[in-house]
Amino acid sequence: MGRLIVQKYGGTSVGNPERILGVAQRVKGYIEKVDKVVVVVSAMSGETNRLVALGEEVWGPQFNHRELDVLYSSGEQVSVALLSLALEKVGVTAKSFLADQIPLRTDGEFGRARIVEIESKSLKEAIADGIVPVVAGFQGVTADSLITTLGRGGSDTSAVAVAAALDADECEICTDVDGVYTADPRIIKKANRLDQITFEEMLELASLGSKVLHPRSVAVSYTHLRAHETPEHLVCRLLLE
């Protein structure tokens, strides 16, 4: 049957066409090893900041507004389309999915929505047909078909939630550090990499401002594991970009 892995690539990984093609090659390599891959991507590096600045210029520094979420979510639409094209270019059949095409349901808290449900049928059908689903992170859709966003860093949460919905074997968060450190190694040169960390400790780190994982992604993963009572059911790990 092969294993199913959900991979999340952040804005740096898809920051330009060269890097997007590099991600496509990497995904292709994973398919050869594990058979099934689902990819979740963020907006290109700097794009969300650009969209936020546009929104503030027109609307002002206010958030949680319906139209602003429509604006902010557009960055991921570009990313999934470009990565799907790149995958096709390297010989991998791919299909982009926006939140409303899955659908990935959230509540109506614009700018900080919480995931309520992921209907996995469309993703599972694509996987069964040998297609790599490329899912837009950060965005959701309400029961009334309104676009929402999960808050900055929300693509981590999207990836873990998609992995849980698909009963994936692993969820890999691809980032620019090779693990969890006692402090940001880009700032504190003597920071130590931790060999292992509990979900409770990771949740505390994330909640206190550590940017290596979004707090909600840790909470979603932990809740899923507790529900299944099998620690190996869903493994979340960090990979160097």
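Predicted model: local features only at pLDDT ≥ 70, side-chain atom pairs only at ≥ 80, totals over all residues.

User: Which strands does S1 pair with?

Analyst: Strand S1 (residues 3-9) runs parallel to S9, with five bridges between them, and S1 also pairs with S2 in the parallel sense over seven bridges. Strands are DSSP E runs of at least two residues and helices H or I runs of at least four, numbered from the N terminus, and two strands pair if DSSP finds at least two bridges between them.

User: What stands opposite Ile5 in S9, and what is its partner in S2?

Analyst: In S9, Ile5 stands opposite Glu170, while in S2 the bridge partner of Ile5 is Val37.

User: How does the chain get from S1 to S2?

Analyst: The chain crosses through helix H1 (residues 17-34), in a β-α-β crossover that is right-handed, meaning that, with the strands pointing away from the viewer, the path from the first strand over the helix to the second runs clockwise.

User: Switching to burial, how many residues of S9 are buried?

Analyst: Six of the six residues in S9 (residues 170-175) are buried, that is, under 20% relative accessible area with a 1.4 Å probe and protein chains only. Glu170, Glu172 and Cys174 lie on one side and Cys171, Ile173 and Thr175 on the other, and both faces are covered.

User: And S2?

Analyst: Five of the seven residues in S2 (residues 35-41) are buried.

Note on methods:
Residues numbered from 1 in each chain as written. Heavy atoms only, no water. Buried < 20%, exposed > 50% of the residue type's maximum accessible area, 1.4 Å probe, protein only.
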